[in-house]
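Dear colleague,

Please find below the structure that I am handing over to you, followed by a summary of what was found in it. I would be grateful if you could read the two side by side.

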Amino acid sequence: MNIVQRVQDILLKPKETWPAIDAEGGDTASIYKNYLIYLALVPAVAGFIGLSLIGVGVFGVSYRVPLISGLANMVVGYVMSLVMVFVVGLIADALAPSFGGTKNPLNALKLVAYGSTAGFLGGVFSLLPSLSILGVLAAAYSIYLIYIGVPVMMKSPPEKAAGYTAVLIICGIVAALIVGAVSAMFGMGRHGMGGLGSMGDGGGNIAINTPDGSISVDTSKLAVAAKKMEEAGKRMEAAQASGDPAAAGKAMADMMGAMAGGAAFPTDDMKAWLPATLAGQARTSFEVQGGAAMGIAGSTANASYGTGDSQMHLTVTDAGGMAALAGLAAWANMTVDKETATSVEKVYKAGNRSMREEYQKDGSQSEVTAMLGNGLIVELKGDQVPVAKVKQALAELDLSRMESAKRPAAKQ
């Protein structure tokens, strides 16, 4: 197998390529040896370079993950990503009868391995951490690839492909969180995952049990998004057949936009949500950024308040159309109540909002985050500021006004 040709074919001609993959022989070892071990290197190496060699810069301050920790995280992440492909493949095989398909372990592994191509390649954007959101877009395209491949590889009826795909995406999220849990041993993550709970047939919710609580995800939203991507995908194929690269590129952007389903708030609005003073402290700096890539827009606004050791840092993030998938956030529908001798963490629902608090009892570090109903994420961190003052400052921001803001319509 020519790996470069396979990558091109699965990305650009998935409907023609999946039947060819189905007809191929091979075994688990050959899939790993000839394909996965190379693809999985992309996010692992790019992430190491981006975080440990290039570093992350905010407000002129640069931070780099120590080389030893970065190397350890790279190796663990690489190995675990290969393991998780195999695990999700086993789950795909086990779920096949539930969605009218046929169990076939080899085809299930092929489905996950080749369907993950876009997500693996999207890891290259980790070279520059500020571009990591583009990796999310690539992962979204992998959802489409798997959706197209399910009827071919697992013989599931096309009308059940959306639900089947939705469940597999949730399993992929769980796999990613497991990788994060293992990486946490090297100081790079927070939570471990438990096991999968009840899985619906694509028309209801999926419950995922964790040591910290239960996450509930509405799979019907994924099903709708998959249908939209299919329609946009047909337009992309027609554009490719016409031989017009510009039209094909626009159709690709339309497909990614269909997965997202909306536009981002303009930067002027984002800036307006950064008050000149907060909790009696003057704003000392701010930064607003916005842009779009492949049909999906996003914007962020950051500001700092106070001087010396006592400061607060406000971040307002709008994932644009990706807000339609906000229900996939690891803590969006989760309840957590944890306390140690030195720290407290809570995740809870407050009306339509998901709230998260994490702070040190000595007041040295405090963080409160609110995911609003319209997809905005408001995060306020305090250095040498007690959590009560951070929560009071968050209330000053008038979250209701942010939440009621009308999102711009997506460009067609």
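Contact here means heavy atoms within 4.5 Å. On that basis, among contacts in the protein between residues at least 6 apart in sequence, 58% join residues at least 24 apart.

Two remarks on the basis of the values come next. This is a predicted model, in which local features need pLDDT of at least 70 and side-chain atom pairs count only at pLDDT 80 or more, while totals for chains, interfaces and linings use all residues. Residues are numbered from 1 along each chain as its sequence is written, and side-chain values use heavy atoms, with hydrogens and water left out.

Overall composition

The protein has 14 helices and 14 strands; these are DSSP runs numbered from the N terminus, helices being H or I of at least four residues and strands E of at least two. Of its 412 residues, 45% count as buried. Buried means under 20% relative accessible area, exposed means over 50%, and partly exposed lies in between, with a 1.4 Å probe and protein chains only.

Helix α6 (105-115) is mostly covered, with 9 of its 11 residues buried. The buried residues are Asn107, Ala108, Leu109, Lys110, Leu111, Val112, Ala113, Tyr114 and Gly115.

For the packing values, axes are lines fitted to C-alpha atoms, for helices over the stretch in contact, and angles run from 0 to 180 degrees between N-to-C directions. Angles under 35 degrees count as roughly parallel, over 145 as roughly antiparallel, 65 to 115 as roughly perpendicular and the rest as oblique.

Helix α3 (residues 28-39) packs on α6 at an angle of about 15 degrees, with the axes 10 Å apart. This angle makes α3 roughly parallel to α6. Thr28, Ile31, Tyr32, Tyr35 and Leu36 of α3 make the contact with Leu106, Leu109, Lys110, Ala113 and Tyr114 of α6.

Helix α2 (residues 14-23) also packs on α6, at an angle of about 140 degrees and with the axes 10 Å apart. The two helices, α2 and α6, are therefore oblique to each other. On the α2 side, Trp18, Ile21 and Asp22 meet Asn107, Lys110, Leu111, Tyr114 and Gly115 of α6.

As to handedness, α2 passes α6 in a right-handed crossing, and α3 passes α6 in a right-handed crossing as well. A crossing is right-handed if the near helix is turned clockwise from the far one by less than a right angle, and left-handed if anticlockwise.

Helix α1 and Trp18

Helix α1 (residues 3-12) and α2 pack at an angle of about 125 degrees, with their axes 6 Å apart. They are therefore oblique to each other. The residues in contact are Arg6, Asp9, Ile10, Leu11 and Leu12 of α1 and Pro14, Thr17, Trp18 and Ile21 of α2. Arg6 also lies over the face of Tyr114, at 5.1 Å from the ring centre; a charge sits over a ring if NZ of Lys or CZ of Arg is within 6 Å of the ring centre and within 35 degrees of the ring normal.

Trp18, in helix α2, counts as buried because its relative accessibility is 0%. Not counting residues up to four places away in sequence, Trp18 touches Ile10, Lys110, Leu111, Tyr114, Gly115, Leu145, Ile148, Gly149, Val152 and Met153. Trp18 and Ile146 are 128 residues apart in sequence and 9.7 Å apart in space, C-alpha to C-alpha.

Aromatic pairs

The structure holds 4 aromatic pairs. Rings of Phe, Tyr and Trp (its six-membered ring) pair if their centres lie within 6.5 Å; planes under 30 degrees apart count as stacked, over 60 as edge-to-face and the rest as tilted. One of the pairs is formed by Phe99 and Tyr164, which are stacked at 5.0 Å centre to centre with 20 degrees between the planes. This pair links distant parts of the chain, 65 residues apart: Phe99 is in the loop between α5 (67-95) and α6, and Tyr164 is in helix α9 (residues 161-183). Both Phe99 and Tyr164 are buried.

Loop residues

Ala279, in the loop between β6 (277-278) and β7 (281-293), has a positive phi near 55 degrees although it is not glycine. Asp398, in the loop between α13 (387-396) and α14 (399-404), likewise is not glycine and has a positive phi, near 60 degrees. Asp398 counts as partly exposed, at 36% relative accessibility.

Yours sincerely
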